[in-house]
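Work through the exercises below with the model open. Try each task before reading its solution.

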Amino acid sequence: MCHAGAVQSIAILDQEYPRFSDTELVTRHQRVTDMLAEAGRDHLLVWGANRAGSGVQWLTRWPVTAEAAAIVTPGRIDALFVQHHNHLPQARRLATEAEVGWQPSTIHAALDELERRGARPDSVAYIGPLGVPPWQAMAKRFGEPLNLNREYTRLRQIKSAEEIAWLRLGAHFTDLGMSALRDNLRPGLTERELGDMVERAYVAHGAINGIHYFGVTPMDTPSIGVPSQFPSARRVQPRDVVFAEITAIFWDYPGQVLRTFTLGEPTARYRELHAVADAAFDAILSVLRDGVTPAEIVAAAGVIEEAGCTTIDDLLHGYGGGYLPPVLGSASRPAGPLPTEPLRAGMTVVVQPNVTTLDGTAGVQTGELVMITGTGAESLHNQPRGLTVLG
């Protein structure tokens, strides 16, 4: 990270609660206003529940806990309703540009507020993971609400300069977690203990855990090709290969880094798998730029199939503000119909050619979060690449 970037990061971290600038919040609301106007709606319900629903924090600064609903009406101050009542004091400290309140029913509080604002049938849209009962309550009061999640996702694909600064912090903390795994990995540790050492590297500095997925299997007789989403009690053994996917999150802004370690000299199979993965990563980076098409990216990764390998995980996906488009699989393991819309400067994507054998019993992890620019792509991480051999 350059000196100016480091100074900016320190300034963000030194705030009691890190905050985006007022200008950034005004710009976000203007983009939402334009989105509503294009959709022909007057009011937006922004819904979040169980720490999901990025729109609430993006617009009000409040990270969703149990449940939250924001009402956005162009030209009016936002209204925010949170659940539970003991979350109300901190919500008021963080969401200082909104009128923050509480009622036993979050959705009914939001609907009453829409009524006070003069909402009429077919004037309301929503974003976020709105469940069936809240959706039905809205439809009964104001007619069928318009789902603008796809349009909101498009807004989040292109990052502002301030968002990139926060993503760099998420990437930095993610690197700390991967470095802790690399530096402390040894036989005898359980996968649960691996997660403990990863989180200890960044929690004290202001980040929280996103994911730490581990794959641990004997190099000589492997049976696992991708990391597992839940840790086991199995203990790391000499001659194991350990591969990991780690995400630390700084106030909803994550990094993501994927790496592979061997405890002892790697077998020929793992050297070859990682060489193919490195070649695919380099090939994808060589074509990433403003205007590149998904088809060009998948074609660049064709070195995977040429080597007689495949993938199980996605090859590339948007990241930051959610698991975003485009989501691309390899030629041998598509992730669905290939999108046609080109990538644009300002997008942040995870490039992760996690190569496996055709039978899925052996695999490696390599990849990281990068930012698309007008002429190429810039990694937001500083974690050394390559297959790492541990003593």
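A salt bridge is a side-chain nitrogen of Lys or Arg within 4 Å of a carboxyl oxygen of Asp or Glu. Lys and Arg count as positive, Asp and Glu as negative; His and the chain ends are not counted. Buried means under 20% relative accessible area, with a 1.4 Å probe and protein chains only.

The model is predicted: local features need pLDDT of at least 70, side-chain atom pairs count only at pLDDT 80 or more, and totals for chains, interfaces and linings use all residues. Residues are numbered from 1 along each chain as its sequence is written, and side-chain values use heavy atoms, leaving out hydrogens and water.

**Exercise 1.** Find the side chain of opposite charge nearest to R41, and state its distance.

*Solution.* Start in the loop between α2 (22-39) and β1. Helices (H or I, at least four residues) and strands (E, at least two) are DSSP runs, numbered from the N terminus. R41 is buried there without a salt bridge. D122 is the nearest side chain of opposite charge, 4.6 Å away. Now check backbone oxygens. A polar atom of the R41 side chain lies 2.8 Å from that of V124 and 3.4 Å from that of D122.

**Exercise 2.** Which polar partners does the side chain of R61 reach?

*Solution.* Locate R61 in the loop between α3 (54-60) and β2 (67-72). Its relative accessible area is 10%, so R61 counts as buried. A polar contact is a pair of N or O atoms within 3.5 Å; within protein, one must be able to donate a hydrogen and the other to accept it, and residues adjacent in sequence count only if both atoms are side-chain atoms. Another is the side chain of D22, at 3.4 Å. Contact means heavy atoms within 4.5 Å. Beyond four places in sequence, R61 touches residues including L25, V56, L94 and T96.

**Exercise 3.** List the buried residues of α5 (residues 106-116) and identify elements that cover them.

*Solution.* The buried residues are T106, I107, A109, A110, L111, E113 and L114. Their cover includes β1 (43-49), β2, β3 (78-83), β5 (124-127) and α6 (132-142). Just past α5, G118 has a positive phi of about 85°.

**Exercise 4.** How many residues does the largest nonpolar core have?

*Solution.* Such a core is a set of buried Ala, Val, Leu, Ile, Met, Phe, Trp, Tyr and Cys residues joined through side-chain atoms within 4.5 Å. The largest has 64 residues. Helix α8 (residues 161-184) gives the largest share, 9 residues. L44 is among the residues with the most contacts inside this core. A second, separate core has 31 residues, including F243 and V351.

Key: Buried < 20%, exposed > 50% of the residue type's maximum accessible area, 1.4 Å probe, protein only.
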